[in-house]
Amino acid sequence: MQLATYILKLDEYMLPCFSKKILGVDCPGCGIQRSVALILHGEFGAAFKMYPAIYTLLLLFGFLILNNFFTIKGSNKIIISLTSITVLLIITNYILKFF
């Protein structure tokens, strides 16, 4: 029951973005905490709008964890592909924030 309470109050425990605070400019990771909070609240579309790379990032982390426990054929190619897609989405989203 306490875990559900923490998930619902996750917004109160978010870390501030020091790049945005000090320089006044978003960093490439700005929005990821809020995106995870939105996913935990079931708002999947809003999570994607907040941080478009969230789903590929979660898929990558999930695959990396799974790859530690099971031998997966061609795992290196999958990891490289997921990493490339995630980085491309992060960079594209970061550039589009300035337009």
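Helices are DSSP runs of H or I with at least four residues, numbered from the N terminus. Just after helix α3, Gly-42 adopts a positive phi of about 85°. The model is predicted, so local features need pLDDT of at least 70 and side-chain atom pairs count only at pLDDT 80 or more, while totals for chains, interfaces and linings use all residues. Residues are numbered from 1 along each chain as its sequence is written, and side-chain values use heavy atoms, with hydrogens and water left out.

Helix α3 spans residues 32–40, and its buried residues are Ser-35, Ala-37, Leu-38 and Ile-39; buried means under 20% relative accessible area, exposed over 50%, and partly exposed in between (1.4 Å probe, protein chains only). Leu-40, also placed in α3, counts as partly exposed because its relative accessibility is 44%.

## Packing of α3 against α5

The buried residues of α3 pack against α4 (44–50) and α5 (54–69). The axes of α3 and α5, lines fitted to C-alpha atoms over the stretch in contact, come within 11 Å and cross at roughly 80°, on a scale from 0 to 180 degrees between N-to-C directions. Helix α3 is therefore roughly perpendicular to α5, a class covering 65 to 115 degrees. Ile-32, Ser-35, Val-36 and Ile-39 of α3 meet Ile-54, Tyr-55, Leu-57 and Leu-58 of α5, where contact means heavy atoms within 4.5 Å.

## Ile-54

Leaving aside neighbours within four places in sequence, Ile-54 is in contact with Ile-32, Ser-35, Val-36, Ile-39 and Ala-47.

Note on methods
Helix = DSSP H or I, 4+ residues; strand = E, 2+ residues; numbered from the N terminus. Parallel < 35°, antiparallel > 145°, perpendicular 65-115°, else oblique.
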